[in-house]
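Reader: I would like to go through the terms used for this model and see what each one rests on. Please show the structure before we start.

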Amino acid sequence: MLNTSGLHSNSSQVSVTNSKNEFINLILALLIIICFFCLFYFMAVMLNVFLTTSSIRETSRYILFLHMLINDTCYIAFATVLLLAANYRLLIPGPTCYLLFIVGSATFKATAYNLATMALERYVAICHPLRHGGLCTTKGTHVAIALMWVVGSIPYVAEIILILSSHNVISFVPIICSQATVIVNPAQNIIRSQSLMIGFTTVGLIILFTYVRIILVAQKISSQSPTALKAGKTVLLHAFQLCLCLASLLSTLTETYPYNYSHFIPTINFLIYSCIPRFLSPLIYGLRDEVLRKYIRQGVLRTFIWRTGHVSK
């Protein structure tokens with residue numbers, strides 16, 4: 001009788017703990033979805049400004065900023081699907097799961113590459129102003145965006161070739177989608193870790209180089225123009241956001257030690273290290289720019305007037 005009572009008590013405690021974890025996961029998932037829709041709304045406003053304003057559409061840093069918004073929105077969308085699928089143990093066909101991971105990982109790395117490109121644009125604008133008009137053209141910016149995606153896709157092409165050439169292939173049977181389930185060859189981990197290390201090291205060196213050069217120029221011309229100092233602060237923000245991206249890689253440590261009993265820690269990590277930094281990007285980069293701030297305010301105001309008129313009708 002005593003053993004039966006103790007067993008019943010333990011099972012009740014486990015049930016209460018599981019219910020509590022599910023509730024916390026649900027609240028965190030709602031916060032992530034809210035962040036996504038806020039970022040999606042800002043992206044829609046920025047896209048409208050971009051399409052209706054030729055001066056914005058032909059400026060390289062605004063093109064890169066819009067690309068970052070679209071990329072970050074896609075990243076949060078795909079990563080949220082993967083997170084919810086893992087939390088609620090949804091079954092997804094193997095190839096679909098692998099495709100979701102490829103897109104999520106590619107958009108994750110594209111954020112870092114975009115930050116480096118934006119830092120280089122500011123470096124050319126401040127340190128080589130006479131060459132800025134010739135180098136940072138609309139066509140050149142589009143080429144830079146295409147190049148960052150080509151470079152970012154190389155590890156995945158190598159990984160797909162490795163999978164196709166190996167005896168183990170990703171099964172079409174529905175599985176619980178996680179990173180471990182799409183690893184069919186140990187070399188995949190090597191490709192992923194090496195590409196991340198090389199990519200983020202290169203981006204970090206580019207941002208450090210551009211920041212130092214811009215600050216040196218700012219010390220010489222700060223009395224005549226505050227533009228260089230503002231550009232230096234912008235590049236410093238790029239470095240801060242890159243650190244947040246790197247922190248999201250290190251956050252997996254908290255999922256295994258010492259909080260392996262907390263099932264909602266991965267969701268908290270995703271919210272803190274992935275969603276919030278990307279949610280702050282529009283505020284950091286968009287609202288700091290006087291030109292963008294004016295157009296964004298007009299876009300939000302038009303949306304508010306349209307919604308008010310629609311509701312009144």
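Reader: Why is Y75 called buried?

Author: Y75 has a relative accessible area of 9%, and buried means under 20%, with exposed over 50% and partly exposed in between (1.4 Å probe, protein chains only). Y75 is therefore buried. As for the source, this is a predicted model, in which local features need pLDDT of at least 70 and side-chain atom pairs count only at pLDDT 80 or more, while totals for chains, interfaces and linings use all residues. Residues are numbered from 1 along each chain as its sequence is written, and side-chain values use heavy atoms, with hydrogens and water left out.

Reader: What makes Y75 and F108 a tilted pair?

Author: Rings of Phe, Tyr and Trp (its six-membered ring) pair if their centres lie within 6.5 Å; planes under 30 degrees apart are stacked, over 60 edge-to-face, and the rest tilted. The centres of the Y75 and F108 rings are 5.8 Å apart and their planes stand at 40°, so the pair is tilted. Y75 belongs to helix 3 and F108 to helix 4 (residues 94–127), 33 residues apart. Helices (H or I, at least four residues) and strands (E, at least two) are DSSP runs, numbered from the N terminus. F108 is buried as well, at 7% relative accessible area, and ring pairs join Y75, F108 and F200 into a cluster.

Reader: Why is the pair of Y123 and F209 called tilted?

Author: Their ring centres lie 5.3 Å apart and the planes are at 55°, so this pair is also tilted. Y123 is in helix 4 and F209 in helix 7 (residues 187–221), so the pair ties together parts 86 residues apart in sequence.

Reader: Are Y123 and F209 buried or partly exposed?

Author: Y123 has 12% relative accessibility and so counts as buried. F209, at 40%, is partly exposed.

Reader: How do you know which residues of helix 3 and helix 6 make the contact?

Author: Contact means heavy atoms within 4.5 Å. Helix 3 (residues 60–87) and helix 6 (residues 138–165) pack at about 30°, with their axes 9 Å apart; axes are lines fitted to C-alpha atoms over the stretch in contact, and angles run from 0 to 180 degrees between N-to-C directions. Helix 3 contributes S60, I63, L64, H67 and N71, and helix 6 contributes T138, T141, H142, I145, M148 and W149.

Reader: How many helices and strands does the chain have?

Author: The chain has 10 helices and two strands, and buried residues make up 38% of its 313 residues.
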